[in-house]
Amino acid sequence: MTPAVHSWPVIRLTIGEGEIVADANGDVLTYPVLDDTSAADVAADAAAEACRRLGLAACRVQGLTEDGEVYEMVVDAGLGTLEEREDTTSTAPTGGTGTGTARTGSKSARRRTPARRKAVLWGSAGVLAVIVGFSAFYTLQDNAAEPVATVYTPPPAQLPVPAPAGWDTYGDWTTPMTGSNVKAILDPSGQPVSVDGSKLIGHDPRTGVERWTRTAPFTIAQLALYTLDGQSRVAAAAARELVLFGDGADPIRVDVPKDGTIILDGGTAPRVDLPNKRTLIVAADGSTAARVVPATAEPIEALGDDLVAADTRSGRIWRVTQDSAALPAPAKLPAPSAGAELVTVLGSVNGTVVAAWKTNDTTTIGFYALGDAADATEATQVGIVNVEGTDVATSGIQVDRDNGLLMAGTVLVDVDAKQAHRLPGAGKLAAGYAWVSTNTEQLRINAQGVTETTTDAARAAIPDVVTDDGKAMTRAEGSSTGLLYALTQVAPRPTATPTPASSPSSTTTSTPSPTLDCFPEGEPLMRMTAVIDPAGTLELDLGGEKTTSGYPSVMDARRSVMSTATDLAAETSTATELHIEDPSGSRTILVQTDGAVIEQDTKSESAPLPEAVEPAASPVTPEVPAVPEAAAEAPAPVATPAPALVEVPVVTEATAPETAASSAVVPAVVSAVAPAETVNPLPTRRTAMPSFVDRPDADSPAQAGFRGVLNQFGLKLAASPAELEQRRDEKTVSQHWAGPRTITVLNPKGGAGETPTVICLSAVFARLGGSGVLAWDNNNSLGSLGWRTFDAGHEATVVDLLEQTDYFMTAGARAGDLASYVHHQPSDQYDVLRSDDRSGAKKRHEVTGDEVHRLYSVAAKYYRLILMDSGNTERGDNWEAMIGRSDQVVIPVKSVDDAAEGASRVLSALRAGNEHAQSLADRAVVIVLGCTPSHGPAKLNELAESFRPFVKSVVTVPYDPSLIEGRIRFSSMLPQTRRAWLRAAAQIAEGL
């Protein structure tokens with residue numbers, strides 16, 4: 001049935017070269033037109049999304065070009081197609097101005113599923129002929145029908161960065177979080193709330209379907225949920241604007257003075273801090289109550305309509321309850337013990353003040369309850385706890401008021417429980433957990449200071465909130481996707497590697513038990529036991545370590561268990577025997593280190609955990625238990641085909657030896673006692689649904705070249721070998737590593753191409769792998785990296801950052817502060833740290849080896865990948881410090897002899913160094929750059945061959961005029977040049 005389209009409302013598309021703007025009744029969507037997309041496809045996407053937001057299945061569209069032409073079109077929101085409107089007569093809305101008759105013979109935007117094709121099938125043989133032609137356009141016009149409402153379900157997607165510890169990287173659904181870095185929250189009913197510019201959207205946590213929307217009169221920068229005067233309020237703020245949302249759709253405006261600072265994470269109510277030592281506390285109706293801040297104090301919490309202020313050095317506390325210059329007498333926090341020295345007042349959480357004290361080599365955390373008297377503040381000590389060490393942060397304190405937590409550097413404080421714990425490192429407080437990253441992994445630590453689970457990715461994402469059903473609402477900070485991902489919880493992995501079980505010993509029994517006999521003698525085996533109840537609660541026992549987790553369904557719990565077992569087997573290189581008991585019965589699974597799954601069905605729910613039988617002498621001839629005569633006559637089980645991508649071989653005892661002799665992996669043995677039945681493999685991530693993640697690149701149709709053009713008309717031509725190779729390179733470059741990596745570009749010959757190499761490689765890694773890439777000019781002479789890249793509106797260099805390295809290594813330092821010292825490249829998504837290029841300076845600063853180490857510590861803390869331009873010398877402690885920090889060396893060589901000589905010398909210098917330097921030389925990648933149009937492939941290949949025997953690999957990059965002079969932008973290069981740099985980056989990434 002064709003969806004109906006009416007003449008109103010009209011979506012207006014403004015079509016330009018750089019962007020597409022869709023305006024649907026004032027709801028404006030802006031879509032950029034990127035290099036690898038067409039304006040027609042982007043226009044179809046924008047119109048379809050605008051139509052879905054109107055709640056319609058099809059909408060009338062007017063396309064407005066920059067030269068004033070108007071095209072009448074129709075968009076199908078379900079198919080995402082945009083076509084010319086055949087019936088060009090339109091009716092204006094009441095009181096409006098009619099558009100009249102559209103231009104006849106007007107052009108139409110190209111559809112995602114083009115109408116210009118016809119498919120014909122002949123006979124049962126299935127012969128398919130595809131005729132591509134210009135057929136009449138398909139119309140969605142039907143003025144007699146009513147508009148059809150649709151429900152838009154957000155699509156699933158994979159998080160582009162490693163997932164938080166304890167959650168899967170695959171999001172069940174996603175929603176835009178564009179135009180804002182604000183964190184997601186939960187509304188009063190527990191639904192996640194996303195922000196899209198000025199729009200708030202409440203979602204069903206299970207499906208992501210929109211449940212409600214609210215629109216603020218500004219782009220939202222802060223968001224929080226409060227209970228004010230017994231009423232729930234969502235507060236949304238920009239720099240100088242604040243509104244509250246309640247039951248109605250209209251925002252409640254709050255009058256914010258132009259010099260006020262809006263604080264939405266500073267208490268049980270929103271507050272506005274003023275520079276004249278006054279604070280405004282916001283009420284449910286948008287009104288404010290003024291409170292005076294003592295001269296020596298600073299506000300630490302809005303508590304209802306009271307203000308809690310503290311002099312953090314002296315330990316004096318005020319609870320200001322009224323708007324009066326006559327302040328209450330302050331309370332002096334009592335010391336927890338004689339001789340204890342106050343370090344600082346850490347903050348106040350829901351009316352409990354928390355302070356840190358120091359005694360010898362111990363930190364004591366004190367908890368203090370405040371009285372509510374108006375004339376004098378009372379502070380009563382309600383708890384103390386000692387923490388080893390004296391390191392406590394005095395700035396950058398993090399507070400999670402919803403969960404009653406506070407974190408100061410490496411100290412986690414559970415305010416509600418009056419407990420404190422020393423963490424293994426500084427981290428981030430979010431979603432009720434402390435998230436601590438080491439050089440190799442991320443730890444998820446609960447309020448009791450216990451590490452619940454870990455993940456190998458040190459730069460894993462951190463969720464904003466966790467829903468009641470276990471969805472981690474997560475943004476990919478630093479990624480260009482601009483999405484919020486609803487990640488599914490998985491069973492926690494062990495925080496320490498379990499001790500593998502000893503080799504199974506043989507047992508003798510008159511009744512055959514289900515057995516797993518798949519290992520050569522002596523190979524270790526780990527065992528896991530999972531019990532799932534009908535409500536989806538999972539009890540997991542791994543080597544005696546027991547955990548309990550809740551899931552929305554039994555199926556979700558099963559998938560989580562299989563994911564955990566598969567990951568554990570791969571990470572520990574030890575096969576895992578998994579026994580599962582759930583409402584459908586009990587079964588035993590063998591998960592091998594390569595991800596292969598062999599399952600044995602155990603019929604009875606009450607059957608004991610099967611005991612493994614010791615393998616026979618031959619690894620391919622398993623020992624078969626004796627079978628009673630009656631049992632031997634029983635019918636053998638029937639093996640059903642396994643789901644796609646996973647082979648689950650199941651054989652009877654009688655055929656086991658024969659099968660084993662012809663297979664490299666012995667299948668599971670199923671007792672012939674069991675009656676005939678089908679074997680249903682436990683659903684896993686691979687078997688539960690077809691996976692577009694695990695699908696080989698070769699299975700994806702062509703997207704580039706002439707094959708890609710034909711596929712836009714409905715064909716399914718396979719990708720060419722060249723396109724498959726490019727996909728593999730892109731996948732290699734886009735990966736993230738555990739811990740930072742450093743690539744150093746070396747050639748002591750000036751003008752050999754070091755700076756263009758650093759710029760181009762930085763662009764490739766940042767564009768494909770996301771941000772977190774730093775290009776560092778470590779040149780003690782006049783480096784040109786700053787000249788060949790764009791500035792960020794300031795002139796900061798490495799000299800300015802050196803003055804602030806101590807600050808950036810503190811727990812309170814913020815990544816955003818680095819923007820004043822590095823220069824972000826907007827189109828290529830990396831940052832530049834310039835060398836000292838001050839004009840007119842009598843003597844430029846020469847960076848020492850010690851300063852290289854200091855700068856590297858800052859860079860490695862805030863960036864995942866560092867590319868260093870080495871300058872033109874291979875001597876001095878600066879160069880040695882840089883080499884000592886390098887993970888990979890790249891040597892650019894322009895297609896001239898003196899540049900090649902410089903490359904040869906730097907390789908010799910590395911091989912004359914220590915073991916690390918020699919290893920860098922052996923794994924070096926040489927990039928041969930064409931420097932004139934006359935130096936074609938033959939010249940470049942001749943030079944490349946001279947280096948190939950001495951390094952890991954050599955890549956040639958053709959001459960490109962955009963690399964010769966001026967600022968370098970990756971998108972300005974020729975396609976063949978961009979492809980060459982991608983190939984070079986892939987070779988380098990393999991060495992990381």
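Two aromatic rings of Phe, Tyr or Trp are said to pair if their centres lie within 6.5 Å. With this rule in mind, the reader may turn to the structure above, which is a predicted model. In it, ring pairs join Tyr 807, Phe 808, Tyr 821 and Tyr 862 into a cluster. By the rule just given, the count of aromatic pairs comes to six.

A pair of aromatic rings is described by two quantities, the distance of the centres and the angle of the planes. For Tyr 807 and Phe 808, the centres are 5.1 Å apart and the planes stand at 65° to each other, an arrangement classed as edge-to-face. What is the relative accessibility of Tyr 807? The value is 32%, so Tyr 807 counts as partly exposed. Phe 808, with a relative accessible area of 1%, is buried, because buried residues are those under 20%.

Phe 808 also forms an aromatic pair with Tyr 821. This pair is edge-to-face as well, with 5.7 Å from centre to centre and 90° between the planes. Where in the chain do Phe 808 and Tyr 821 lie? Phe 808 belongs to helix H9 (residues 805–808), whereas Tyr 821 is found in the loop between H9 and strand S52 (823–825); the pair therefore ties together parts that are 13 residues apart in sequence. Both Phe 808 and Tyr 821 are buried.

Arg 444 lies over the face of Tyr 433, at 4.8 Å from the ring centre.

The next topic is the packing of helices. Two packed helices are described by the angle between their axes and the distance between the axes. The axes of helix H6 (residues 721–734) and helix H7 (residues 754–769) come within 8 Å and cross at roughly 90°. H6 is therefore roughly perpendicular to H7, since angles from 65 to 115 degrees count as such. On the side of H6, the contact is made by Glu 730, Val 733 and Ser 734, and on the side of H7 by Val 764, Phe 765, Leu 768 and Gly 769. Of the residues in this contact between H6 and H7, four are nonpolar, two are polar and one is charged.

Finally, the protein may be viewed as a whole. Its secondary structure comes to 15 helices and 57 strands. What share of the 992 residues counts as buried? The share is 49%. Among contacts between residues at least 6 apart in sequence, 58% join residues at least 24 apart.

Key: Residues numbered from 1 in each chain as written. Predicted model: local features only at pLDDT ≥ 70, side-chain atom pairs only at ≥ 80, totals over all residues. Heavy atoms only, no water. Axes fitted to C-alpha atoms, helices over the stretch in contact; angles between N-to-C directions. Helix = DSSP H or I, 4+ residues; strand = E, 2+ residues; numbered from the N terminus. Parallel < 35°, antiparallel > 145°, perpendicular 65-115°, else oblique. Contact = heavy atoms within 4.5 Å. Nonpolar A, V, L, I, M, F, W, Y, C, P; charged D, E, K, R; others polar. Phe/Tyr/Trp six-rings, centres within 6.5 Å; stacked < 30°, edge-to-face > 60°. Buried < 20%, exposed > 50% of the residue type's maximum accessible area, 1.4 Å probe, protein only. Lys NZ or Arg CZ within 6 Å of the ring centre and 35° of its normal.
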